Amino acid sequence: TLIELLVTVSLVAVMLAFAAPSFTAFQRNAALRSTAGNFMSAVTLARSEAMRRGINVYLVPTTAQDWSKGWTVYADLNWNQTLETSDDAVLTQAPAIDPMVTIATTSQAMQFSDGSSRYLMFNGGGYPRTNAGTPATGAIEFRVEGSSDTRRRVLVTGAGRIRLCDPAKDSSS
């Protein structure tokens, strides 16, 4: 009957009103975890390919100095510290990150920079180094506003250890 239909539609509307905010938070959390996981996978690929090939492998922002536009992992076959698609082997490229996710610019999230450019380079031994050859450490932090999981940080130590953490729950990050 019409009354039963109206009651059913009303109940569904009330249930959707309660479910919509949690679905939005779920979407944000999923975007955050996916972005951070994808970045960590790129870092892991760069390190493993550097050791496998015995040469420098770079992880660089795809566009200028902005990690949010995506990133590229390449093997520097001509040893010139610059991506040249005709000479170097592009191993993977990631598209721009989800618009819900931002990259933190705090001092704890150093974003893998030597001061003039952003990059992460692993030498043939799997150790992160600067272009000058000195040991490098760094972190990049991804954030989402309005979700229960607000931050994820990808850390790389000077020994090449790579890990993903929630800085709010991990005091060692």
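User: How many bridges join β8 and β9, and in what sense do they pair?
Analyst: The two strands pair over 4 bridges, in the antiparallel sense. Two strands count as paired if DSSP finds at least two bridges between them. The names come from DSSP runs numbered from the N terminus: helices are H or I with at least four residues, and strands are E with at least two.

User: What kind of model is this, and what counts in it?
Analyst: This is a predicted model, where local features need pLDDT of at least 70 and side-chain atom pairs count only at pLDDT 80 or more, while totals for chains, interfaces and linings use all residues. Residues are numbered from 1 along each chain as its sequence is written, and side-chain values use heavy atoms, with hydrogens and water left out.

User: Back to the strands. Which residue stands opposite Leu155?
Analyst: Leu155 faces Arg163, which is in β9. β8 and β9 form a hairpin, with 5 residues between the two strands. Gly160 sits in that turn and has a positive phi of about 95 degrees.

User: What is the order of the open sheet of 4 strands?
Analyst: The order is β4-β7-β8-β9, and the pairing is antiparallel.

User: Which strands stand at the edges there?
Analyst: β4 (102–103) and β9 (162–165) do. Each has a single partner strand, so one side of each has no neighbour in the sheet.

User: How many bridges join β7 to β8?
Analyst: There are 6, and β7 and β8 run antiparallel. β4 and β7 pair over 2 bridges, also in the antiparallel sense. Phe142 in β7 stands opposite Ile103, and the bridge partner of Phe142 in β8 is Arg152.

User: Is β8 mostly covered or mostly open?
Analyst: Mostly covered, as 5 of the 6 residues of β8 are buried. Buried means under 20% relative accessible area, exposed means over 50%, and partly exposed is in between (1.4 Å probe, protein chains only).

User: Ok, the other sheet. What order do the 5 strands have?
Analyst: They form an open sheet in the order β3-β2-β1-β5-β6, with antiparallel pairing. β3 and β6 (128–129) are at the edges with a single partner strand each, so one side of each is left without a neighbour in the sheet. β2 and β3 run antiparallel and are joined by 5 bridges. Val73 stands opposite Thr92 in β3.

User: Which residues touch the most other members of the largest nonpolar core?
Analyst: Phe39, Val43, Leu59 and Phe142, out of 29 residues in that core. A nonpolar core is a set of buried Ala, Val, Leu, Ile, Met, Phe, Trp, Tyr and Cys residues joined through side-chain atoms within 4.5 Å.

User: Which elements give two or more residues to this core?
Analyst: They are α1, β1 (57–63), β2 (66–75), β3 (89–94), β5 (120–122), β7 (138–143) and β8 (151–156). α1 supplies the largest share, 8 residues. Apart from this core lies another, of 5 residues, including Val60, Tyr74, Tyr119 and Met121.

User: What is Phe39 in contact with?
Analyst: Setting aside neighbours within four places in sequence, Phe39 contacts Leu59, Trp67, Trp71, Phe112, Ile140, Phe142 and Val154. Contact means heavy atoms within 4.5 Å.

User: New topic. How many salt bridges does a search of the whole structure find?
Analyst: It finds 7. A salt bridge is a side-chain nitrogen of Lys or Arg within 4 Å of a carboxyl oxygen of Asp or Glu. One of them joins Glu49 and Arg52, at 3.0 Å from N to O. Arg53 also forms a salt bridge with Glu49, with the closest N and O atoms 2.8 Å apart.

User: Where do Arg53 and Glu49 lie?
Analyst: Both are in helix α1, 4 residues apart, which is about one turn of the helix.

User: Is Glu49 buried or exposed?
Analyst: Glu49 is buried, at 12% relative accessibility. Arg52 is exposed at 60%, and Arg53 is partly exposed at 32%.

User: How far apart are the closest N and O atoms of Arg151 and Glu141?
Analyst: They are 3.6 Å apart, in a salt bridge. Arg151 is in strand β8 and Glu141 in strand β7, so the pair ties together parts 10 residues apart in sequence. Glu141 is buried, with a relative accessible area of 0%, whereas Arg151 is partly exposed at 21%.

User: Which residues are linked with Glu141 in a network of salt bridges?
Analyst: Arg143, Arg151 and Arg153 are linked with Glu141 in that network.
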